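Please look through the model below with its sequence alongside. The report after it is meant to be read with both in view.

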Amino acid sequence: MVHIFSVSLLAMLAGLASASSPPTQEVMNQPVHTMESWSWSDCGSPAHVVQLKSISLSPDPPKPGQDLTVTVVGTAQQRIENGAYADVVVKLGLIKLLSKTFDVCDEARNANATIQCPVEEGDYTVVETVALPKEIPQAKFTVAVRGYTADEDDMLCLDLQVNFMKSPFPRFGW
C-alpha cells in the first residue's frame, strides 16, 4: 500500500520534532559539502506486494517550518487487508530516535486518506501534505520502513535519507 510512505514520513517528522537536544558536536563538524537533500530507495524485491514507482516532494528539498506535499506512485500487486503493518525506524547517525510499528489501515483511517483498506490490486497515486515542524535539527536522518501484510508476507521495503544540513554556499548550489 502506497500510503505506508506517508506513515513513514509522519513517523520521521514526529521523531525529528521530539529530538529536543541540540545536534551533537559530531553532527556540527560535518564537511562543508553537505546540503539540504533527500533520497529514497526501494529495497524490496519483485515479490513484495507494493512496488514503488516514484516519490516526489514539494518543496524539494523539504524546508523546516513549511508545508510538504508528498506524491507517491506505486502498484499493489495483490489485495491488502486490515492487519497490514509497518515497522518504522528513524535514526540520526547511529542514534535511534524512533522505532515504532504502525497499523497501516488504522493510520490511513485516522489520516482520512483517499485510499482505505482493503486496498485492491492496481496502480495508485497518493498525494498528502504535512506541516513540517520548525524545530527540525540541522542533521542527516535515515528512515527504514518495512511493511508486512496481515499474513506476515513482505509488503514494502523503503529506505529514506533526509539531510537538513545547510549548505555553506547556497548561491553556488553546493
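Residues are numbered from 1 along each chain as its sequence is written, and side-chain values use heavy atoms, with hydrogens and water left out.

The mean pLDDT of the protein (the predictor's confidence in each residue, from 0 to 100) is 79, and 74% of the residues reach 70 or more. Over residues 5-35 the pLDDT falls below 50, although this stretch has 63 contacts in the model beyond near neighbours in sequence, a contact being heavy atoms within 4.5 Å. Where pLDDT is low, the predicted coordinates should not be read in detail.

Helices (H or I, at least four residues) and strands (E, at least two) are DSSP runs, numbered from the N terminus, and two strands pair if DSSP finds at least two bridges between them. On this basis, three strands form an open sheet in the order β2-β3-β6, with antiparallel pairing. Because β2 (50-58) and β6 (122-131) each have a single partner strand, they stand at the edges, and one side of each is left without a neighbour in the sheet. Neighbouring strands of this sheet are turned against each other by 15° on average, direction ignored, where axes are lines fitted to C-alpha atoms, for helices over the stretch in contact, and angles run from 0 to 180 degrees between N-to-C directions. Between β2 and strand β3 (residues 67-76) the antiparallel pairing extends over eight bridges, and S58 has T69 in β3 as its bridge partner.

T149 is placed in the loop between β7 (140-148) and β8 (154-163). With a relative accessible area of 7%, T149 is buried (buried means under 20% relative accessible area, exposed over 50%, partly exposed in between, with a 1.4 Å probe and protein chains only). Neighbours within four places in sequence aside, T149 is in contact with V49, Q78, G83, A84, Y85 and M155.

The structure holds two disulfides, each a pair of cysteine sulfur atoms within 2.5 Å. With bonded cysteines counted along the chain, they follow the pattern 1-4, 2-3.

| Disulfide | S to S distance | Torsion about S-S |
|---|---|---|
| C43 and C157 | 1.9 Å | about -95° |
| C105 and C117 | 1.9 Å | -75° |

The link of C43 and C157 is left-handed. C43 is partly exposed, with a relative accessible area of 32%, whereas C157 is buried at 9%.

The link of C105 and C117 is likewise left-handed. C105 belongs to helix α3 (residues 104-110) and C117 to the loop between α3 and β6, 12 residues apart. C105 is buried, with a relative accessible area of 0%, and C117 is buried at 13%.

There are also two aromatic pairs, meaning rings of Phe, Tyr and Trp (its six-membered ring) with centres within 6.5 Å, whose planes count as stacked under 30 degrees apart, edge-to-face over 60 and tilted for the rest. One of them joins F141 and F164, whose ring centres are 6.4 Å apart and whose planes stand at 70°, so the pair is edge-to-face. F141 is in strand β7 and F164 in the segment after β8, 23 residues apart, and both are buried.

Definitions and conventions
This is a predicted model: local features need pLDDT of at least 70, side-chain atom pairs count only at pLDDT 80 or more; totals for chains, interfaces and linings use all residues.
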